[in-house]
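Subject: Structure handover

Hello,

Here is the structure I promised to pass on. Please open it first, then read my notes below.

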Amino acid sequence: MVVVGIVVAIVLIVLFWFVGTYNSLVSKKKRVENAWSQIDVQLKRRHDLIPNLVNAVKGYMKYERETLEAVINARAKAVAGGSIDDRIKAEGELSGALSRLLAVFERYPELKSNEQVKQLMEELTSTENRITYARQFYNDTVMKYNTSIEMFPTNLVAKMFNFKPFVFFEAAAAEKETPKVELTF
Amino acid sequence: MVFVFLFLMATLGLVIDALFGVFPFGTILLIFIALIQILAGVSSGPALVLRSINSRKINEKSFEEKQLKNIVEELTIAAGLEKAPEVYVMEDENINAFATGFKAKKSAVCVTSGLLKHLNREETEGVIAHEISHIKNKDTLLMTTISAILGTMILVQLFAWRSLKFLLWSNRGRRSSKKKDSGVGYIIVALLILALVATLFSLIGRISIFAVSRTREYLADAKAVELTRNPKGLSGALRKIAKMRKSKGKVKNATIATAHLFISDPLKRSVNNKEGFFANLFGTHPPIHKRIALLENVPEEIVLKELQEG
């Protein structure tokens, strides 16, 4: 009788642990997916912002057509979409083109005094920060999730229900090469 | 936290009931007080604080204030909060900021107009990251709950001392009946114990509020760096705050009750800039040179010297 009681108790404890672990893994996975969609939201914000920016600075930058066209082309590619790898690459190019544009912008003092351009540049800086932070948060959540599916004894549950690790969002090579631009308003 | 508070209050009520044999009056009364305190705190918390210091919502047409809103939204993403806190500005020459709100969803960040004027984007990012960290760590809820417990302790303490005084005073001339005397004596002893315990608790409570407040400041500094991955912004801001300390007065409308919310002590009490036993017990904020030294990873003596010379 006592033995049966103990066995039932142990089975119950293991069962509860199982359910708890499974649920916590699911919620961690959802968090990663949510963090990923945040990056998407911010990238969309950047796509929407660029046409306004280009229109506002077009008149001033007669000698910088190339830089501006690079931004326009990179945006077109990024908006076109495709596989995740293609998109990551296109967004990386766009980031590179934009930071070159921001650097060029420093050379035009009359641009800085234009209120509308100033606002747009602030929006652009903010959007770039948002993308960086969204990516950083995504990577942090992925790290927590990946660690928990590899740690014992959670890994037993993870294997049983086929929880796969997520890939980190690395900065594209094009982005790494571009110099960091310090903006002071 | 709220339940811990209720539980503590109920226990205290039971103790009072046991001492006086008036079950369940004490328990019900104390739970009632606790509920009122919680409701008052939760319902009017952020709104009340924001009104009491005379702040206004930001104007998105102004460049600086729109930039501030952008920064708050950026760091909301970095911290992974669901909704960005509301942004407020208070007119004051000092550089200061605070966060308030019990839930991340219903929180607010408020900065002084002096901060908008004197800090650049990077430094503002550092300060806002510190405030967002307070929200993320639920520091306001923690501090408010501790304040509520402390408030109750002070109430009990006052009640016990008053009734003790009253009993002793009214009992002076009447020494005739021995039977009655022993009953009153029992109550007096019980009240005395209660009064002493409550006094001790409120003293410990006061010290622990300050201790929690100080640790939470360090924690928010660390979290801010984790969010921005850039210690320079916050340390630069703290340096500017330290420099302005001497020239400007107190932050208008800030009180002892709201001081622990700010990024640096708005009342500029000297205890918050000293070290030693007393300051370690009663300061709400860690000394500013210590915070800068930790952020920049240099010995604190050097920072202190630099600040005194600059």
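Start with one pair: Lys44(A) and Asp48(A) form a salt bridge, with their closest N and O atoms 3.2 Å apart. Keep in mind that this is a predicted model. Both residues sit in helix 1 of chain A, four residues apart, or about one turn of the helix. Asp48(A) is partly exposed, at 43% relative accessible area.

Next, look at Glu93(A) and Lys77(A). Their side chains meet in a salt bridge, 3.0 Å from N to O. Glu93(A) belongs to helix 3 (residues 84-105) of chain A and Lys77(A) to helix 2 (residues 65-80) of chain A, so the pair ties together parts 16 residues apart in sequence. Glu93(A) is partly exposed, at 30% relative accessibility. Lys77(A) is partly exposed too, at 48%.

Then there is a bridge between chains. Arg121(B) meets Glu122(A) in a salt bridge of 2.9 Å, N to O. The pair runs from helix 5 (residues 121-136) of chain B to helix 5 of chain A. Both Arg121(B) and Glu122(A) are buried. Shared partners join Glu122(A), Glu74(B), Arg121(B) and Glu125(B) into one network of salt bridges. Over all chains, the count is 29 salt bridges.

Last, the helix packing. Helix 1 (residues 2-58) and helix 5 (residues 115-150) of chain A pack at about 165°, with axes 9 Å apart. Angles over 145 degrees count as roughly antiparallel, so these two helices of chain A are roughly antiparallel. Their contact involves 21 nonpolar, eight polar and nine charged residues. Helix 1 of chain A passes helix 5 of chain A in a left-handed crossing.

Best wishes

How values were computed. Residues numbered from 1 in each chain as written. Chains lettered and ligands numbered in written order. Predicted model: local features only at pLDDT ≥ 70, side-chain atom pairs only at ≥ 80, totals over all residues. Heavy atoms only, no water. Axes fitted to C-alpha atoms, helices over the stretch in contact; angles between N-to-C directions. Parallel < 35°, antiparallel > 145°, perpendicular 65-115°, else oblique. Left-handed = near helix turned anticlockwise from the far one by under 90°. Nonpolar A, V, L, I, M, F, W, Y, C, P; charged D, E, K, R; others polar. Salt bridge = Lys/Arg side-chain N within 4 Å of Asp/Glu carboxyl O. Buried < 20%, exposed > 50% of the residue type's maximum accessible area, 1.4 Å probe, protein only.
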